[in-house]
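Here's a walk through some of the sheets and helix contacts in this model. Have the viewer open and follow along.

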Amino acid sequence: MLKPSNTKIEQKAINALESVIDAHMTMDYEFNTHDKEIFWDGYIYLYRKSDGNQSKRDFEGRVPVQIKGHCDNGQRYINKQKIHYAVSLEDLKAYATEKGVLYFQIFMNDGHTQIFYSSLYPSKIADYLEEAKKRHNEKNINIPFIKLEKDPAVLYIVAKQFNEEALKQGSAYNPLVQDRIRKEDFDKITSINLSVIGAKNPYEALLRLSTGDVCIYGTTKDDKYPRPIEWQDESIFYIEEDIHQDISVNGKIYYHHYSVFSGSEGEKVLKLSPNLTINLEKHRIELQYKAVTSLKEIYTDASFLLHINDNKAFSIAGHILPMNATLKQEFHEKLRFQIDLYELLEKIGFNLSTAWSQLTDQQFLQLKNLVQVYYNCFSNQYKEIYYKYLWSFDGKNIPIIIQKNDNSVELLNGVYTEKLAVFMRDDDSDEIGYRMPLFFNIDVNVLSNLYFYDYNLLREQINNCDINSKSKHQLNNCVLHLINVFDLNNDLNFLDLAEYLLRKLDYPKNDSCFLLNSMQIKKRRGLFCSDDIEILKSIEDDDKRIQFGKYVLLEDKTTALELFDQFSKCDKDYYKTLPIYRLYSQLE
């Protein structure tokens, strides 16, 4: 096969580019033939109006071009989307002195022609010259060229983008270009900006970035103006978009919005949460799940995955995407555990504030133990209706009441649940009795070390209790119960609750029992004064128990000891459980 002369090859290449430009109303050209100019082959002229009236008034700019034609009989280049081709360093140095060049490599084979281009604006040329110097290249450097679509509008956008970048930068020797941000300083960049001509959406802008047509400008801390950022061939760019669309399974909506990560190589990943992403590949959909966030987010993700597993599909904005894969049994059990754990913690009012990825081995084991207790309740060995279970997390107590009915099991918070109540039996009546605060049923050692406290709910339990002549004595014991809790944890809120309940009992102000309990609360607050001493001295109750409390508060250890020695062993053991005994034991 005869090879055309270089002159004919060059002319065919020029004709191919001219035919694209002729099809666009806002472009014109002036190309030289036979290498009349050493470095440039001419210009593409850009105009503002699309009516074909290419007047001086509508002139927008001219783009310097270089055109190289090649025969590609072996089809080494012509069918590719992107090629690398050697460019003379002498040529690049010449282009560097002006606006750069829009460089075309045009390949021909059996009547078929394909145009490739590279936008060599000044900062990009400076990068290539610097790279060639580092590699000790003496003559050429390989530069990527992008396949030009057979659409004149695309060439117009490429040429106009080049013109915009060239006008901003001037030449490769302009201080702005010489002071461009190098890759070793990328971590110092505080902001970036870019202008992408002709992009209809962020993804189109991303693709344009990957071609190298668009220069990214950045600023660092002390910059007064944006500087070009060093271009690196084969860079992959990503963008993230927030999409407000519903993602559902069989009509149940799990997410109202999500993020889409798109890559310039065609990657597309949906980020439903920090735990769950969906990789949308060409021939399959891949789910990637790793629990790292709060249990609440994990619960949504795990529920979504199990629902997909059952329905084999999910929907995005009503568009159904099939999912034919079945979850492995081990992974299925893991998701089921996370769902059950969240639901159990919700039932007992427990907020797991620690992120899943930050849980210690011990914390995870404690959570696992709770779920296992729940699972065990379904076995035949648990036949009663109610059970008490003291769960511990991080060394703190969470009292739990387990309620079992037929095949259902429910876990309730033993301190705060509103589904259960405690009543004091009335022996004189067949009625249910008198309501007591639920926390009164909790041992002081447990109550003093709860994982969390809701003082409003504790106060509400006091408000809801039945106060009358029959319940007053037991509720007075509840006052002592609250004081005992304070003695163990020094939480003043329990003295507030004790005082609140004591006042609601509405004892006469000169009642000995009321006075002693009021005084021991004041003693603990550090508010005990000389007036209180006189009030105590005025108490003339003959009851040894009252007298004992009186002299403990008066800090008369000798008299208090004499009285205590008169108690029976049973009374002594009982008094050792009361808060007055703690004050007695502290007397010197």
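Predicted model: local features only at pLDDT ≥ 70, side-chain atom pairs only at ≥ 80, totals over all residues.

Now take strand β4, residues 82-88. Its covered face carries I83, Y85 and V87, while K82, H84, A86 and S88 sit on the uncovered one.

Which strand does β4 pair with? It's β7 (residues 140-147), in the antiparallel sense and over 7 bridges.

## The five-stranded sheet

Next up is an open sheet of 5 strands, in the order β11-β14-β15-β16-β17, with antiparallel pairing. The edges belong to β11 (238-243) and β17 (285-289); each has a single partner strand, so one side of each is left without a neighbour in the sheet. On average, neighbouring strands here are turned by 20° against each other, ignoring direction.

Inside the sheet, β15 (residues 268-271) and β16 (residues 276-280) run antiparallel and are joined by 3 bridges. In that pair, L270 stands opposite I278 of β16.

Two helices lie across parts of this sheet. Helix α6 (residues 202-211) lies across β11 and β14 (258-263), running at about 180° to β11. Helix α7 lies across β16 and β17, and its angle to β17 is about 145°.

## The four-stranded sheet

There's also an open sheet of 4 strands, ordered β13-β12-β18-β19, again with antiparallel pairing. Its edge strands are β13 (252-255) and β19 (319-322), each pairing on one side only. From one strand to the next, the twist averages 35°.

Strand β12 (residues 247-249) is joined to β13 in the antiparallel sense by 3 bridges, and V249 has K252 as its bridge partner in β13. Helix α7 turns up here as well: spanning residues 295-311, it lies across β12, β13 and β18 (313-316) and runs at about 135° to β13.

## A lysine on α8

K334 has its place in helix α8, residues 329-347. Is K334 buried, partly exposed or exposed? With a relative accessible area of 40%, it counts as partly exposed, because that value falls between the 20% and 50% cut-offs.

For a distance check, pick A302: it lies 32 residues from K334 in sequence, and the two C-alpha atoms are 8.9 Å apart in space.

## Two helices side by side

Two packed helices are described by the angle between their axes and the distance between the axes. For α11 (residues 455-464) and α13 (residues 492-504), the axes come within 10 Å and cross at roughly 15°. The two helices are therefore roughly parallel to each other, since angles under 35 degrees count that way. The crossing of α11 and α13 is right-handed.

What does each helix bring to the contact? From α11 come Y455, L458, R459, I462 and N463. They meet N493, F494, D496, L497, Y500, L501 and K504 of α13. By type, the contact residues divide into 7 nonpolar, 2 polar and 3 charged.

Notes: Residues numbered from 1 in each chain as written. Heavy atoms only, no water. Axes fitted to C-alpha atoms, helices over the stretch in contact; angles between N-to-C directions. Parallel < 35°, antiparallel > 145°, perpendicular 65-115°, else oblique. Left-handed = near helix turned anticlockwise from the far one by under 90°. Contact = heavy atoms within 4.5 Å. Nonpolar A, V, L, I, M, F, W, Y, C, P; charged D, E, K, R; others polar. Buried < 20%, exposed > 50% of the residue type's maximum accessible area, 1.4 Å probe, protein only. Pairing = 2+ DSSP bridges.
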